[in-house]
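Good morning, everyone, and thank you for making time for this. Please look at the sequence and the model for a moment, and then I will walk you through a few places in turn.

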Amino acid sequence: MQRIVEAQSCECPTRYPSWEAAEGVFVEQFAASEYWDIVEATSEYRRQANELRREAIPICEAAGNW
């Protein structure tokens with residue numbers, strides 16, 4: 001959702017980053033984390049996504065991608 005809002009675009013490459021990019025973020029930020037750290041990070045990620053969704057929906061609807 002953050003990428004959509006920042007780019008003001010709901011194109012597929014913006015909305016769905018490559019697997020390699022997602023894997024890189026995981027390895028860099030979470031690979032060595034403990035289970036509960038990942039649970040906490042997931043909860044924070046969902047909270048942020050839910051907040052940004054209100055801004056992202058109109059962008060994606062206008063692109064016919066919601």
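Predicted model: local features only at pLDDT ≥ 70, side-chain atom pairs only at ≥ 80, totals over all residues.

Let me begin with a question: is threonine 14 buried or exposed? Threonine 14 is buried, with a relative accessible area of 16%, where buried means under 20% relative accessible area, exposed means over 50%, and partly exposed lies in between, using a 1.4 Å probe and protein chains only.

Residues are numbered from 1 along each chain as its sequence is written, and side-chain values use heavy atoms, with hydrogens and water left out.

Threonine 14 sits in helix H2, and helices here are DSSP runs of H or I with at least four residues, strands being runs of E with at least two, all numbered from the N terminus. If we leave aside neighbours within four places in sequence, threonine 14 is in contact, meaning heavy atoms within 4.5 Å, with Arg3, Ile4, Ala7 and Ser9.

Now to valine 5, which belongs to helix H1 and is also buried, at a relative accessible area of 15%. Apart from neighbours within four places in sequence, valine 5 is in contact with Leu52, Glu55, Ala56 and Ile59. The C-alpha atoms of valine 5 and arginine 53 are 8.7 Å apart, although these residues are separated by 48 residues along the chain.

Next come the cysteines. A disulfide is a covalent bond between the sulfur atoms of two cysteines, and the search counts a pair of cysteine sulfur atoms within 2.5 Å. Searching the whole structure gives one disulfide, which joins cysteine 10 to cysteine 60 with an S to S distance of 2.0 Å. Cysteine 10 lies in the loop between helix H1 (2–7) and helix H2 (12–15), and cysteine 60 lies in helix H4 (residues 35–62), so the pair ties together parts that are 50 residues apart in sequence. Both cysteine 10 and cysteine 60 are buried. Cysteine 12, on the other hand, is in no disulfide, and the nearest cysteine sulfur, that of cysteine 10, is 7.6 Å away; cysteine 12 is partly exposed, with a relative accessible area of 45%.

Finally, let us turn to tryptophan 36, which is in helix H4 and counts as exposed at 63% relative accessibility.
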